[in-house]
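Dear colleague,

Please find below the structure that I am handing over to you.

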Amino acid sequence: MADAPTTLVILGASGDLTRRLLLPGLGSLLRIEPDRHVVVLGADRAEMSQEEWKQRVSDSLQEADVQEEVAERVVGAARYQQTDALDPQQLTDLVADVPGGLVIYFALPPQVTVGVCALLAEMDLPEGTRLAMEKPFGHDLETAIQLNEQARKVVPEDQIFRIDHFLGVNTVLNLLGLRFANRIFQPLWTAEHIERVDICYDESLALEGRAGYYDKAGALTDMTQSHLLQVLAMFAMESPASMDPDEIRSLKAQVLRATALWGGDPVTASRRARYTAGTIEGREVPDYTAEEGVDPERGTETLSQLIVHVRNQRWSGVPFVLRSGKALGDDNKQITVTFRAPAHIPDGLTESGAPDRLKLELRPGAVALDISVNAEGDPFDLEQKELGTPLGQPRMKPYGEVLGGILDSNPLLSIRGDTAEQMWRIVEPVLDAWRADEVPMEEYAAGTAGPDGWYEIPATD
Ligand code: NDP
């Protein structure tokens, strides 16, 4: 027996996000939670037959290995309605008389989302209607505030789900268990013991045909402004009493409110670079500016680094380095916590020379601790050894986790409006400094580790 129905209206149903992420995410959710009763109502400007839409839904469910009878039920109820979402009458017709609760998912270009919100604000929507919004949430602080105001004219804040699929990644969620269920780490999670934290998401993938989106966004906006600041908030927040969404989202917001550029200066706190031609695992990668669809005049970075600090008692003085880029030699997607040196090492022991480190690998998922132990031979000669464990496989795709939260009206895994604004507040001075060319655009050959010298933390006054 399936749950009460929810109608998931997907605006932009023939787009890339729906095909690559949303429908597969729904499939992975239904495989684990087959009792969910979801009516998938696709809407887009494109002409599409009912059969074609049902086939798309069916393919995603099949690929996710959803039970046959569940897939039949969901595909049977799915329908498509050709709609220009900016046409008030067509939009009204789309959401009128839908069965069960209503979720409106904006898989639309950002400027269209703003227009549709303005129309929805004038309409009578069913009680409890939820909005699911994709990033970017505005393109700077001012537009983020405007978008929030517009969306809150449609439904209250706790019915607005701003999507960040990183929050559905099991290894990011693992931060909560690791931090708050292990006595061994709790007392160490402070500036007294931690020297620096590196949150890194280096990809060996290059542009992979996504110039249309990426060349307008760049590494800082694509990754750091959204995903990496969310990871920082999960890493640095205070301990919650429970998994209550209000509490956890407030604790994350508290961190982001306290977050500021290292040294207060966007020029010294940030670095940017762009890849030139190179080779990655035997693959020839062209110069970024020669990639199809790239406009070199935009000056888009493919690697960015931002150093911030969290201005509170727990973290004062600890640099958090947020780095992400494309076409790098290694897929280095991990949080590295570097601990301070012990206060005293007994005379007669030879140090390993390397600090103790906790490494939280985000993809595919592992935890490892580098500690000083006896080396081979002389027992007083120390060396660094790794204790580690892989993490369990995710039960579903990150989009499945996030979608499950929306269908349950549980905002734990979505971004609250004030937080979306804070994330722009943090990066906006950097984007301004880059536009004014105050930070040089460095270069690195594709397949390398990026420019030299980025690991050092600049001194502050
Ligand atoms: P696409 O351009 O592939 O899809 C958007 C769809 O919306 C298109 O089918 C488009 O139709 C349709 N559309 C445009 N205007 C209207 C309208 N007035 N009424 C109805 N449909 C309309 O974009 P994506 O799927 O890539 O992105 C969608 C959103 O998701 C964006 O906000 C993006 O930033 C975000 N996002 C995307 C990710 C991705 O990997 N694709 C990842 C994270 C976020 P038409 O082709 O006719 O214009």
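Predicted model: local features only at pLDDT ≥ 70, side-chain atom pairs only at ≥ 80, totals over all residues.

Asp 16 has a polar side-chain atom 2.7 Å from a nitrogen atom of the ligand. In the side chain of Ser 14, an N or O atom is 3.2 Å from an oxygen atom of the ligand. Leu 108 takes part through its backbone instead: one of its backbone N or O atoms lies 2.9 Å from a ligand oxygen atom. The ligand taken alone exposes 880 Å², and the protein buries 76% of that area.

Next, I turn to the pockets and cavities. Rolling a probe the size of a water molecule over the atoms shows where empty space is left. The second largest pocket has a volume of about 380 Å³. Its lining is made of 22 residues, and Asp 198, Cys 200, Arg 323, Asn 332 and Tyr 455 lie nearest the centre of this pocket. By class, the lining divides into 7 nonpolar, 7 polar and 8 charged residues.

How many cavities of 30 Å³ or more does a search of the whole structure find? There are 4 of them. The largest cavity holds about 50 Å³ of space. Leu 167, Leu 173, Leu 176, Met 234, Ile 248, Lys 252, Leu 412 and Leu 413 line the largest cavity. This lining has 7 nonpolar residues, no polar ones and 1 charged residue. Helices α7 (170-180) and α9 (245-258) each supply at least two of the lining residues.

As for the overall form, the protein contains 12 helices and 19 strands. Its C-alpha atoms fill a box of roughly 80 × 50 × 45 Å along the principal axes. The radius of gyration is 24 Å, which agrees with the value near 23 Å that a compact globule of 461 residues would have.

Most residues other than glycine have a negative phi, and most peptide bonds are trans. Where are the cis peptide bonds found? One joins Lys 135 and Pro 136, with omega at about 5 degrees. Pro 136 is placed in the loop between β5 (130-133) and α6 (141-154). Another cis bond joins Arg 363 and Pro 364, and its omega is also about 5 degrees. Pro 364 sits in the loop between β15 and β16 (366-374). A positive phi, near 55 degrees, occurs at Asp 97, a residue other than glycine. The loop between α4 (88-95) and β4 (101-106) is where Asp 97 is found.

With kind regards

Key:
Residues numbered from 1 in each chain as written. Heavy atoms only, no water. 1 Å grid on protein atoms, 1.4 Å probe; cavity = no way out; pocket = protein on both sides within 12 Å on 5 of 7 lines; lining within 4 Å. Points joined across faces, edges and corners; volume = space filled by probe spheres on them. Helix = DSSP H or I, 4+ residues; strand = E, 2+ residues; numbered from the N terminus. Nonpolar A, V, L, I, M, F, W, Y, C, P; charged D, E, K, R; others polar. Polar contact = N/O pair within 3.5 Å; in protein donor to acceptor, adjacent residues only side chain to side chain. Areas by Shrake-Rupley, 256 points an atom, 1.4 Å probe, with all protein chains shown as cover. Rg over C-alpha atoms; globule rule 2.2 N^0.38 Å.
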